[in-house]
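Dear colleague,

I am handing over the structure below, together with a short account of what was found in it. Please keep it open beside this message while you read.

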Amino acid sequence: MNRKIDLYRGIKLIILTISISLCLFLFIGCSSSKDNEISLQSTNTKSNTSTFEQTNLTLTAVGDVMTHSPQLKAQYDSSTNTYSFDNNFKYIKEYIESSDLSIANLETTLAGDSIGYSSYPTFNTPDALADALKNTGFDIISTINNHTFDKGTLGFERTLKVLKDLGFDTVGTRSNVDDNDYIIKEVNGIKLGITSYSYGDIKNSNKYLNGIQISEDCKDKANVFSSTNVESAFNTINSTLSKLENTDMQIVILHWGNEYQRTPSDFQSKLAQMLCDEGVDIIIGSHPHVVQPVDTLKSSDGDNDTLVLYSLGNLISNQRREFLGSSYTEDGLMVTIDITKDSIDEEAYVSKVTCIPTWVNKYTSGSKLVYEVIPIEDEVTLNTMENLSQNKVEESYNNTSSLVNTSDIIHIVKNPFE
């Protein structure tokens, strides 16, 4: 009897053990399957997310930075015998600082005070101008233009030294013949190849800027193309572009065109198309001292689009309506270019272009002139500025906005007075 009970209990225990084991097996199996499913879903989600990853950078470009004699007097402090240009750029500082990279064209030399400061026709400006550009947040200075050799070898070499000592990247001229005639800047995983060239006269292997022959020591350190032959100009620039093939975007800064003309010359149009056909992504223009159109070009084979800023006008100068009979030289354009790179095809492209018109406000405070670059964007800010003519500012906005060919990617800030 006891053995039967024990046997019965034993059989029940075995059946119970088998049942429990089976349930555990099924539970664990289901759990593992569910975990695997969650893990797989998680992996797929991560994979899909990485598919749409992008990196971005912003590049801001402005026009000519010039200093004429009235500006030199305005920025001089007789009590300390020093110069300061910081106030010129205080209203654009936030725009420049917020950009990943920013470029300006320095259309003067920094030859030092030993030979005296001067303006047109041969420029020499205090080093304090470079300090102000640095304080404003600029990163890259184009040093090649028709005034690069205004003060000879001294001005050529000292300008570079002052800028480099301040930490600027410079492009267009170089300290040594063997130095690169371009720069490469990598930001957020996007590699930009940048070069800068100026028109000039080339005769019998000699180069001339502003009618001045560049010395033997400097001529091969200056990026100059022929102003009379567009094919020759293209070939000269293309010799540098061939070194930028492993970059994500190719950017060419050009000092070109006709002064005070708001329409690109045939030379500009032809050269721009040739550079577009070669694969250049962005062209940034200066020299006319007035704003010229912002537009995009399509390459002849349809494979490349090029953003062309034919001329950004003057960022700052004393070229005024009262001297030249035109207000267009008071206008400038500050352009911020958004560049995007996709993780799938590793291609970089211009995703957005924001154009902000600027105007040089000149007025008298006390006994001194004041020069300020005004971004024409926010009405509230504009209304708080001193000695500002709304009529002139609105005129300037209209002058510039008429030259911006808006599109899916090119935008101009809204007229703040509407």
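Predicted model: local features only at pLDDT ≥ 70, side-chain atom pairs only at ≥ 80, totals over all residues.

The largest pocket has a volume of about 320 Å³, and 16 residues line it, with Asp-281, Asn-304, Asp-305, Tyr-349 and Val-350 lying nearest its centre. The elements that contribute two or more residues to this lining are strand 15, which covers residues 305-309, and strand 18, which covers residues 348-365. Sorted by class, the lining of the largest pocket holds 6 nonpolar, 4 polar and 6 charged residues.

The second largest pocket contains about 250 Å³ of space. It is lined by 16 residues, of which Met-66, His-68, Tyr-120, Tyr-260 and Gln-319 are the closest to its centre. In the second largest pocket the lining divides into 7 nonpolar, 7 polar and 2 charged residues.

Next come the aromatic rings, for which the count comes to 5 aromatic pairs. One of the pairs is formed by Tyr-83 and Tyr-117, whose ring centres are 5.5 Å apart and whose planes stand at 85°, so the pair is edge-to-face, given that planes over 60 degrees apart are classed in this way. This pair links distant parts of the chain, since Tyr-83 belongs to strand 3 (residues 82-83) while Tyr-117 sits in the loop between strand 4 (101-106) and helix 4 (128-136), and the two are 34 residues apart.

Two lysines are placed over ring faces. Lys-134 lies over the face of Phe-168, at 4.9 Å from the ring centre, and Lys-203 lies over the face of Tyr-208, at 5.6 Å from the ring centre.

Finally, I would draw your attention to strand 12, which runs over residues 249-255 and is mostly covered, with 7 of its 7 residues buried. Both of its faces are covered, as Met-249, Ile-251, Ile-253 and His-255 are buried on one side, and Gln-250, Val-252 and Leu-254 are buried on the other. Which strands pair with strand 12? Strand 8 (residues 190-203) pairs with strand 12 in the parallel sense over 7 bridges, and within this pairing Leu-192 has Met-249 of strand 12 as its bridge partner. Strand 13 (residues 282-286) also pairs with strand 12 in the parallel sense, in this case over 5 bridges, and there Leu-254 stands opposite Gly-285 of strand 13.

With best regards

Definitions and conventions. Residues numbered from 1 in each chain as written. Heavy atoms only, no water. 1 Å grid on protein atoms, 1.4 Å probe; cavity = no way out; pocket = protein on both sides within 12 Å on 5 of 7 lines; lining within 4 Å. Points joined across faces, edges and corners; volume = space filled by probe spheres on them. Helix = DSSP H or I, 4+ residues; strand = E, 2+ residues; numbered from the N terminus. Nonpolar A, V, L, I, M, F, W, Y, C, P; charged D, E, K, R; others polar. Phe/Tyr/Trp six-rings, centres within 6.5 Å; stacked < 30°, edge-to-face > 60°. Lys NZ or Arg CZ within 6 Å of the ring centre and 35° of its normal. Buried < 20%, exposed > 50% of the residue type's maximum accessible area, 1.4 Å probe, protein only. Pairing = 2+ DSSP bridges.
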